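Subject: Structure handover

Hello,

Here is the structure I promised to pass on. Please open it first, then read the notes below.

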Amino acid sequence: FTPEAEKEQNKTITDTRNAQPLLGIVDMAIAEFLRGLGIQPDMVAGHSYGELPALCFAGVFDQKELPALSRRRAQSILDSVEKDTGKMIAVSIPDEELAELLKGEKEVWAVNYNSTKQTVLAGTTPGMKAFTDKLTEKKVGFKELNVACAFHSPILKKSQELYAAVLKDVKFGKPVVPVWSNTTAELYPATAAGIKERLSEHLVKPVLFTEQLKNMYAAGARVFVEAGPGRTLPGLAQATLG
């Protein structure tokens with residue numbers, strides 16, 4: 001109820017270990033509310049972390065497991081980081097132009113293909129410094145993101161193994177609603193083992209959201225509803241699909 005308390009609460013909420021379970025709880029609450037109104041999706045998807053609550057909503061694992069799996073997902077990511085947590089930036093240039101800029105780069109990667117108008121890059125701290133200097137020189141605008149580390153990048157390669165160990169003994173079943181994967185831009189596998197493998201590799205693979213949206217549209221999706229604490233994803237869908 002005071003500016004100081006709000007500042008402290010925001011600091012607590014944005015800690016990745018708290019942010020992910022909190023997002024999951026809000027995502028599930030909104031999705032279940034919509035289902036309670038009789039709004040049943042033909043397919044579901046998530047953006048980055050959102051893939052975990054999407055799988056939960058599709059009945060792959062018990063809802064009671066979501067907060068712990070969310071927190072341990074975040075912990076797996078943080079435990080995989082060594083001295084350099086890396087940096088992330090967002091750029092809004094055509095894919096062809098970006099690909100040209102990334103040629104020869106060994107420490108900067110495109111990790112979030114959010115829409116045809118926005119891509120997020122991750123990299124080592126020195127690699128990103130050199131790359132942003134290049135962008136500035138070429139008069140290409142970018143925005144640095146306030147993140148705990150360079151998500152979905154090779155910097156977090158150990159997180160895949162760590163999270164696979166977390167998922168190993170959790171009971172998974174077949175989705176009752178088709179779930180789309182950021183990693184392949186296709187549907188998730190139907191087997192527990194396949195879902196766990198895809199979910200753990202998701203931590204270190206790029207988010208192919210643009211391609212995924214196009215494939216969902218090709219599969220018949222026409223109304224996209226964001227079940228979460230914001231309005232970002234419909235904007236990305238509109239930017240991609242028109």
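**What was found**

Start with how the chain folds back on itself. Among contacts between residues at least 6 apart in sequence, 73% join residues at least 24 apart. Contact here means heavy atoms within 4.5 Å.

Two notes on the source. This is a predicted model, where local features need pLDDT of at least 70, side-chain atom pairs count only at pLDDT 80 or more, and totals for chains, interfaces and linings use all residues. Residues are numbered from 1 along each chain as its sequence is written, and side-chain values use heavy atoms, with hydrogens and water left out.

**Overall build**

The protein has 10 helices and 4 strands. Both are DSSP runs numbered from the N terminus: helices are H or I with at least four residues, strands are E with at least two. From the N terminus, the order is α-α-α-α-β-α-β-β-α-β-α-α-α-α.

How does the radius of gyration sit against that of a compact globule? For 242 residues the globule value would be near 18 Å, and the protein has 18 Å, so the two agree. The radius is taken over C-alpha atoms, and the globule rule is 2.2 Å times the number of residues to the power 0.38. The C-alpha trace spans about 55 × 45 × 40 Å along its principal axes.

**Surface and charge**

The accessible surface is about 13200 Å². Carbon and sulfur atoms hold 55% of that surface. Areas come from the Shrake-Rupley method with a 1.4 Å probe, and for residues only the protein chains shown count as cover.

Of the 242 residues, 43% are buried. Buried means under 20% relative accessible area, exposed means over 50%, and partly exposed lies in between (1.4 Å probe, protein chains only).

There are 29 positive and 29 negative charges, and their mean positions are 1 Å apart. Lys and Arg count as positive, Asp and Glu as negative; His and the chain ends are not counted. Each charge is placed at NZ of Lys, CZ of Arg, CG of Asp or CD of Glu.

**Cysteines**

The disulfide count is 0, taking a disulfide as a pair of cysteine sulfur atoms within 2.5 Å. Cysteine 56 is buried, with a relative accessible area of 3%. Cysteine 149 is buried as well, at 0%.

**Helix H2**

Look next at helix H2, residues 16–36, which holds arginine 17. Arginine 17 is partly exposed, at 28% relative accessible area. Leaving aside neighbours within four places in sequence, arginine 17 contacts Arg71, Ala74, Gln75 and Leu78. Serine 70 is 53 residues from arginine 17 in sequence, yet their C-alpha atoms are 7.7 Å apart.

Glutamine 20 is also in helix H2. Is glutamine 20 buried or exposed? Glutamine 20 is buried, at 6% relative accessible area. Its contacts beyond four places in sequence are Tyr49, Ser70, Arg73, Ala74 and Ile77. Lysine 143 is 123 residues from glutamine 20 along the chain, with 23 Å between their C-alpha atoms.

Methionine 128 lies in helix H6. Methionine 128 is buried, at 3% relative accessible area. Beyond four places in sequence, methionine 128 touches Lys87, Met88, Ile89, Val108, Leu121, Ala122 and Gly123. Tyrosine 163 is 35 residues away along the chain, and its C-alpha is 27 Å from that of methionine 128.

Lysine 139 sits in the loop between helix H6 (125–137) and strand E4 (142–144). Lysine 139 is exposed, at 76% relative accessibility. Phi of lysine 139 is near 60°, a positive value in a residue other than glycine.

**Two histidines**

Histidine 152 is in the loop between E4 and helix H7 (157–167). Phi of histidine 152 is near 60° too, again positive in a residue other than glycine. Histidine 152 is buried, at 4% relative accessibility.

Where is histidine 202? Histidine 202 is in the loop between helix H8 (192–201) and helix H9 (209–218). Histidine 202 is buried, at 1% relative accessibility. Leaving out residues up to four places away, histidine 202 touches Ser48, Tyr49, Glu51, Arg73, His152, Asn182 and Thr183.

Best wishes
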